[in-house]
Amino acid sequence: MYESTKTTDKLPSEVLFEGDIRLTAKEAEMILTSSRSRKKRKMTPEEDKKWALPIPYRFNDSHKYFLNATEKAVILSAMKELSDLTCITFQEVGLDYPNKPILDFRKDEGCWSYVGREKAFQLQEISTAKGCFEKGILLHELGHAIGFWHEQSRPDRDDYVTYIEDNVKRGEEFNFKRENWGDMDNMGVPYDVGSIMHYGSTFFSQNGRPTLESRDPLLQRDLGQREAMSFFDVKLANLAYCK
């Protein structure tokens, strides 16, 4: 997973938040100007941020963003796993598809996605690059696309993991901010150290030492796993989309 070196002194349109989340200008403005007004959740609850099913997608075929057959196959395998475990389905469409936005997979800089459906877009990008073409990494980005924020943003994080700020790169501390319960909707799903949406133990480290440690040492190796969606990842997706 790619980590951004960009910090909050950048313009909103340039911000990659928490390493792989592309913010809209409105979201960036809220985060940059007033943390008290910020609304960030494990699963975005706004109905207009959820996708109607099947979710339309395309592979960008322009020369600049072209994906080869092998890269497309990995993306398709991630979508298939999400569909096999939930009611969420996908449909490949053309640019003439009437219901916008369309998820637009393209080879760009880094691995990142917007969070939830952005109704103002025609094409909603999911960026991939060298190093992104592993099923678990793409499941993580698809998690963002369907509305998941990062697990370690939850208010109860410190009950399950220890945040070690001394090891964090200067200027990247904001990526570890916890939210208030009033700003969260976890739909009753417990904190999940093994979530595919959780940071790894050395994310944003300045010295290679842990920035996060599990309070249960037996779960330390699960932090940041990108092998598969966890039981609770699947449960949350089903609660959000499969009622």
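Mentor: Two strands pair if DSSP finds at least two bridges between them; helices (H or I, at least four residues) and strands (E, at least two) are DSSP runs, numbered from the N terminus. This is a predicted model, in which local features need pLDDT of at least 70, side-chain atom pairs count only at pLDDT 80 or more, and totals for chains, interfaces and linings use all residues. Residues are numbered from 1 along each chain as its sequence is written, and side-chain values use heavy atoms, with hydrogens and water left out.

Trainee: In which sense do strand 3 and strand 5 pair?

Mentor: Strand 3 (residues 55-59) pairs with strand 5 in the parallel sense, over three bridges. Phe-59 has Phe-105 of strand 5 as its bridge partner.

Trainee: And over how many bridges do strand 5 and strand 7 pair?

Mentor: Six bridges join strand 5 to strand 7 (residues 123-128), again in the parallel sense. Here Asp-104 has Glu-125 of strand 7 as its bridge partner.

Trainee: Why is strand 5 largely enclosed by the rest of the structure?

Mentor: Strand 5 (residues 102-107) is largely enclosed because five of its six residues are buried, meaning under 20% relative accessible area with a 1.4 Å probe, protein chains only.

Trainee: Changing topic, how many helices and strands does the protein chain have?

Mentor: The protein chain has four helices and nine strands, and their pattern along the sequence is β-β-α-β-α-β-β-β-β-α-β-β-α.

Trainee: What percentage of the residues count as buried?

Mentor: Of the 243 residues in the protein chain, 52% count as buried.

Technical notes: Buried means under 20% relative accessible area, exposed over 50%, partly exposed in between (1.4 Å probe, protein chains only).
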